[in-house]
Amino acid sequence: MKIGVIGLGFVGLSLSSVLASKGYDIVGIDIDKEKCNKIINGISPFFEPKLDKTLQNGLKKKLKISDNFLLINECDFIFVTVGTPQNLNGSIDLSIIKKAISTIGENLLKNKKKPIILIKSTVIPGTIKKIILPILEKKSNKKDGKDFGLISNPEFLQESSAIRDTKFPHVVVLGGNQTVFMEKTKKLFTKLHPNVPIITTNHQTSEMIKYANNSFLATKISFINQLSNICQKIPGANIDDIGKTIGLDPRIGKLFLNAGPGYGGSCLPKDMKALINFANISGINPTLLNAVEEINAKQLEQIILMAKQKLGDLASKKITILGTAFKPDTDDIRDSIAIELIKKLLKKKAKIIIHDPKAIKNTKRIFENKISYAKTIEDALSKSQCVIIMTQWKQYEKLNNNKFKHMTTKFVIDCRRMLVGKQLDIDYYAIGLGK
Ligand code: UGA
C-alpha cells in the first residue's frame, strides 16, 4: 500500500513524516522545488518541535519527496493538505486546492488504481460536493464511489505540537458516502489509531465540524478575554484563578481559557472570517461569531491604550516587543497579534525593537529596516521605555529586576501574565489583573 500526501506545509509534512516513521510507504508532493530539496535533506522549511527528527527518521525508511505529481498514480490513498487561504473579503480562496484537485483528476484519467482521496484542507461546507467532486469526475471521466473514493478528513493538529497531535489525535472524522472506500479508510485509521473514536458522517457535516471546532475555540478565547477586561476593573482580581477554576467544571473544560492579546495564527482568524462570510451569504446573521471577532480586535486596542496612559504620545518612544511568533515553539508569524501591534505602533511613529527566539527571520521579511532586531533579551530591553510581552516563550519567565535595570522607564505590559507574583521594581500592568 502506498500513500500520497499533496502539500507539504504543517499538516502535510507532519503527516508524511509520522506515517513514514511508522514504516508506511509514503510519497510527499509539493509544487515548490526548493522546499522539496530542503525536505529531502532532512530539514523542515519551518520550525516545528520534533519535526526534523521525525522527518529524518521517515527519510531513512520509505519516505519519498518530490514535485512530480505523476507519482500519485502509484498511490492507494491520497491526502490533500494544501492551504486554503482567505480572500480580501474574508471568504475562502479555493484556487490552490482547485488546482491540486484538477491535477489529481487528470492523473486519475490514466490510472488503473481506484484510489481514495482524502481532503484534509479546511473547506467551507458544501465545497467537496459542489466543487471538488465535479472537478475530479470531469477531469478523470470517472465516478466517485465506483472508480475512486472521496472523503473529507479534517485535521485538528495544533502548530507547536503537530507531531504529537498527528501521532495521537483525539478524534478521526471521515465524511463521505458509506461505500467500500469508506470501509477501507476506516480500516486504515483503526490500524493507525486503535483507540481513537472514528466519526463517520457525510461530506458537508464533516466540513462543518472543522469550523465548529475552531470557532468554538475562538469563542472560548474571546469569552475569557472579555472576562479579563472586566477583571482589570476589579482591584486584586486575577483572571487565571478564574479560568483555572471554571475549567475544573467538566462541562467547561480547562483548555483555551488563557486570557491574552487575542487569538492569532494561520487558522482561527481565517476560519472565523470564512464561517462568518458563509453564514452571511446563507442568510444567517452570525451575531455571536461577530462578537467573538470584535472582542479579539479590541484586545489589541487595549494594549495600545495601556502604553499611551503611561507614556503619553507614542511618537519616538522606544518600545520593546517580546515575542512576534503567534504562539511559543513556532517561528510562524502569520496573523500574529504581535505583528498587528507593531504595525499599529509604527503608525504612531514609535521606535520598535523586537526579540523572538525563533521568529526574527520571518519578522524581518515584513518590517525589514523599519524596526530593530535584538539577539538577546538584554539588548532588547536596553534603554527601552516600555516592554510588551506578547508571546509566552519560556525564556521570558526568567525576567527579573536585573534584566530590567537598563530600561529608561521601567514599564512592562505583560499580555500573558508571565511575571505575576515576582517582586519587581517596575511599573507592571498585566492583561486580566485588577490594579
Ligand atoms: C488551531 C486549532 O487549535 C487546531 O485544533 C486546528 O487544527 C488549527 O488551528 C487549524 O485549523 O489548522 P493553531 O493555529 O496551531 O491551532 O493555534 P492555537 O494553539 O489554537 O492558538 C491560536 C491562538 O489562540 C494563538 O494566538 C494563541 O496564543 C491563542 N490562545 C490560545 C489564547 O490566547 N488563549 C488560549 O487559551 C489558547
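**Notes on a predicted model**

1. Aspartate 30 sits in the loop that runs between strand S2 (25–29) and helix H2 (33–40). The model is a predicted one. With a relative accessible area of 8%, aspartate 30 is buried, because buried here means under 20%.

2. The side chain of aspartate 30 makes a polar contact of 3.5 Å with the side chain of lysine 35. Leaving aside residues up to four places away in sequence, aspartate 30 touches Gly7, Leu8, Lys35, Cys36, Ser66 and Asp67.

3. Next, the aromatic rings. How many aromatic pairs does a search of the whole structure find? The search finds three. One of them joins phenylalanine 10 and phenylalanine 46, with 4.1 Å from centre to centre and 35° between the planes, and this pair is tilted. The tilted label applies because stacked needs planes under 30 degrees apart and edge-to-face needs over 60.

4. The pair of phenylalanine 10 and phenylalanine 46 links distant parts of the chain, 36 residues apart. Phenylalanine 10 belongs to helix H1 (residues 10–21), while phenylalanine 46 is in the loop between H2 and helix H3 (51–60).

5. Another pair is formed by phenylalanine 411 and tyrosine 429: the ring centres are 5.7 Å apart and the planes stand at 85°, so the pair is edge-to-face. Phenylalanine 411 is in strand S13 (residues 411–414) and tyrosine 429 in strand S14 (residues 427–430), so the pair ties together parts 18 residues apart in sequence. Phenylalanine 411 is buried, at 0% relative accessibility, whereas tyrosine 429 is partly exposed, at 28%.

6. Aspartate 414 is also placed in strand S13. Its relative accessible area is 0%, and aspartate 414 is therefore buried. Not counting residues up to four places away in sequence, aspartate 414 touches Ile389, Leu419, Tyr428, Tyr429, Ala430 and Ile431. Tyr429 is thus a contact of aspartate 414 as well as a member of the edge-to-face pair.

7. A polar atom in the side chain of aspartate 414 lies 2.6 Å from the backbone nitrogen of methionine 418. Lysine 398 is 16 residues from aspartate 414 in sequence, and the C-alpha atoms of the two are 13 Å apart in space.

8. Turning to the ligand: which of the 20 residues around the ligand come nearest? They are Leu157, Gln158, Glu159, Lys210 and Asn214. By class, the shell has ten nonpolar, four polar and six charged residues. Helix H8 (203–231) and helix H10 (268–281) each give at least two residues to this shell, and the largest share, four residues, comes from H8.

9. A polar backbone atom of asparagine 258 is 2.8 Å from a nitrogen atom of the ligand. An oxygen atom of the ligand lies 3.2 Å from a backbone N or O atom of phenylalanine 326. In lysine 327, a side-chain N or O atom is 2.8 Å from an oxygen atom of the ligand. On its own the ligand has 720 Å² of accessible area, and the protein covers 93% of that.

Conventions
Residues numbered from 1 in each chain as written. Predicted model: local features only at pLDDT ≥ 70, side-chain atom pairs only at ≥ 80, totals over all residues. Heavy atoms only, no water. Near = heavy atom within 4 Å. Polar contact = N/O pair within 3.5 Å; in protein donor to acceptor, adjacent residues only side chain to side chain. Areas by Shrake-Rupley, 256 points an atom, 1.4 Å probe, with all protein chains shown as cover. Nonpolar A, V, L, I, M, F, W, Y, C, P; charged D, E, K, R; others polar. Buried < 20%, exposed > 50% of the residue type's maximum accessible area, 1.4 Å probe, protein only. Contact = heavy atoms within 4.5 Å. Phe/Tyr/Trp six-rings, centres within 6.5 Å; stacked < 30°, edge-to-face > 60°.
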